[in-house]
Amino acid sequence: MADLQLKIDAWIEWDYFLQAIATDILSDIQLVNRLNSDIINLSISNEFQTLNDSLNIDLALGKANILRDQIEKIRDYQKQLLQLQQKLNYIFDTIKNSRSLLNILLGVSAFYGKSGFALEWLDDDRELIISSEGKFQELTDILNHCDYFQEQIAALIIQGDTLTQQAEEALKKIEEESSREAISNQEVGILTKFSTPKIVRSALIIASSLLILTFCSLKIREQSLSLTQETSANGNFKSAQKLGMEAASLVQKPPHPLKVWQQAETKWYQAIILLDKIPAKTSVYDRAKKKLAYYQINYKSISQRVLIEKKALANLESAHKLATEANLFVQNSPHSQLSRKQAHDKWQQAINLLEAIPESTSVSIQAKEMLSIYKTNYAATNQQS
């Protein structure tokens, strides 16, 4: 009966808590409007899946018009991915850093969108439990999902860049073939046109020669000055493309060790430097400018991934150090209550660090194995104290 009474009291307290939240929400018109606007949008999960499916494109490598349309679509999808990335940053920061429950609910609302959500309970650690579409999650779960989607979006942006590069190369090849055909047809037309009486033909040849010589005289200095610049620009463009392809290939099928992410980051950076050097008057400038924008996006995404991996490694090392210290406390003073308390605190800190490591990192499996051991040791010190 006593346990039942405690549960009833907890339910009554929860009911009052929900009423207070509802009153606060309804009294804030701006908050209500923002919640209503979220209901119009897809959930983060559904929006990501839509973009993921959209980028599953089979390039029409032999058809110029279709290729142009596909390139534009891919670029549009990449813009939407960037917008989704910014939205995830807002959700993560709002949930993690806000002290106000109402602000946290705004982040949760933006995450679930049309799917909607319900407040279910506060667990023993005072963490809010939320349900959506029959699934129960804590705020920590939502933050982990944000990390996961950020990484997947970065991979999709790189995939889109690779598709764009393949399409542009195929389109260039088609245009070069069309240009050769046009020149060949033009030469045939000129030969036909000049099968005229000998005097007329001679006069036309002389006039054409004079015009060509005059034009060449005017342009020869300009061409000699720009030849080196053009050659350098083409070389930089090809080198940047090669680096971009190598970087994209490195980060396929994550997770990867920190070293791999750093190698990809370096290659993107080197490619950006090369593209940024290409002068405006060269033939590859427009293509270089477009690639530069996408390479900068990829570099930023990979740099974020490097930071996540570094943080995960730092957490793992710190947790191991804390565990060593906890063992020393117990070994040196096995009967000291103070030592057991210090060991207990060290285990708790180590557990918190390991639980903060995202599943998508290369050390996630190792962290889970350590976490199981640390929780056992924590429970043992807890019983002793």
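The largest cavity holds about 70 Å³ of space. A search of the whole structure turns up 2 cavities of 30 Å³ or more. A cavity here is a set of points, on a 1 Å grid over the protein atoms alone, where a 1.4 Å probe fits but cannot get out; lining residues have an atom within 4 Å of a point. Grid points are joined across faces, edges and corners, and the volume is the space filled by probe spheres set on the points.

This is a predicted model: local features need pLDDT of at least 70, side-chain atom pairs count only at pLDDT 80 or more, and totals for chains, interfaces and linings use all residues. Residues are numbered from 1 along each chain as its sequence is written, and side-chain values use heavy atoms, with hydrogens and water left out.

Which residues line the largest cavity? They are Glu 151, Ala 154, Ala 155, Ile 158, Val 251, Pro 254, Trp 261, Ser 301, Ile 302 and Arg 305. Helix H6 (139-193) and H9 are the elements that give two or more residues to this lining. H6 gives the most, with 4 residues. Helices (H or I, at least four residues) and strands (E, at least two) are DSSP runs, numbered from the N terminus.

Take Arg 305 from that lining. Arg 305 sits in helix H9. Is Arg 305 buried or exposed? Arg 305 is buried, at 5% relative accessibility. Buried means under 20% relative accessible area, exposed over 50%, and partly exposed in between (1.4 Å probe, protein chains only). The side chain of Arg 305 reaches the backbone oxygen of Ser 360 at 2.8 Å. This is a polar contact: a pair of N or O atoms within 3.5 Å, where, within protein, one must be able to donate a hydrogen and the other to accept it, and residues adjacent in sequence count only if both atoms are side-chain atoms. Beyond its neighbours within four places in sequence, Arg 305 is in contact (heavy atoms within 4.5 Å) with Glu 151, Trp 261, Ser 360 and Thr 361.

The bond runs from Pro 254 to Pro 255, with omega near 10°. Pro 255 lies in the loop between helix H7 (198-250) and helix H8 (258-276). Lys 253 is found in the loop between H7 and H8 as well. Lys 253 has a positive phi of about 55° although it is not a glycine. Its relative accessible area is 75%, so Lys 253 is exposed.

Glu 133 also has a positive phi, about 55°, and is not a glycine. Its place is the loop between strand E2 (128-132) and strand E3 (135-138). Glu 133 is exposed, with 62% relative accessibility.

Now the loop between H10 and H11. Ile 357 is found there. With a relative accessible area of 7%, Ile 357 is buried. Ile 357 touches Ala 312, Asn 315, Leu 316, Val 363, Ser 364 and Ala 367, leaving out residues up to four places away in sequence. Ile 357 and Glu 309 are 48 residues apart in sequence, yet 8.9 Å apart in space, C-alpha to C-alpha.

Charged pairs come next. How many salt bridges does the structure hold? There are 13 salt bridges, each a side-chain nitrogen of Lys or Arg within 4 Å of a carboxyl oxygen of Asp or Glu. Glu 325 pairs with Lys 346 in a salt bridge, the closest N and O atoms being 2.9 Å apart. This pair links distant parts of the chain, with Glu 325 in helix H9 (residues 285-332) and Lys 346 in helix H10 (residues 337-355), 21 residues apart. Glu 325 is partly exposed, at 24% relative accessible area.

Lys 341 forms a salt bridge with Asp 345, with closest N and O atoms 2.8 Å apart. Both lie in helix H10, 4 residues apart, about one turn of the helix. An α-helix has 3.6 residues a turn, so residues three or four places apart point the same way. Lys 341 is partly exposed at 44%, and Asp 345 is partly exposed at 29%.

Glu 355 and Lys 375 form a salt bridge too, the closest N and O atoms being 3.4 Å apart. Glu 355 is in helix H10 and Lys 375 in helix H11 (residues 364-384), so the pair ties together parts 20 residues apart in sequence.

How values were computed
1 Å grid on protein atoms, 1.4 Å probe; cavity = no way out; pocket = protein on both sides within 12 Å on 5 of 7 lines; lining within 4 Å.
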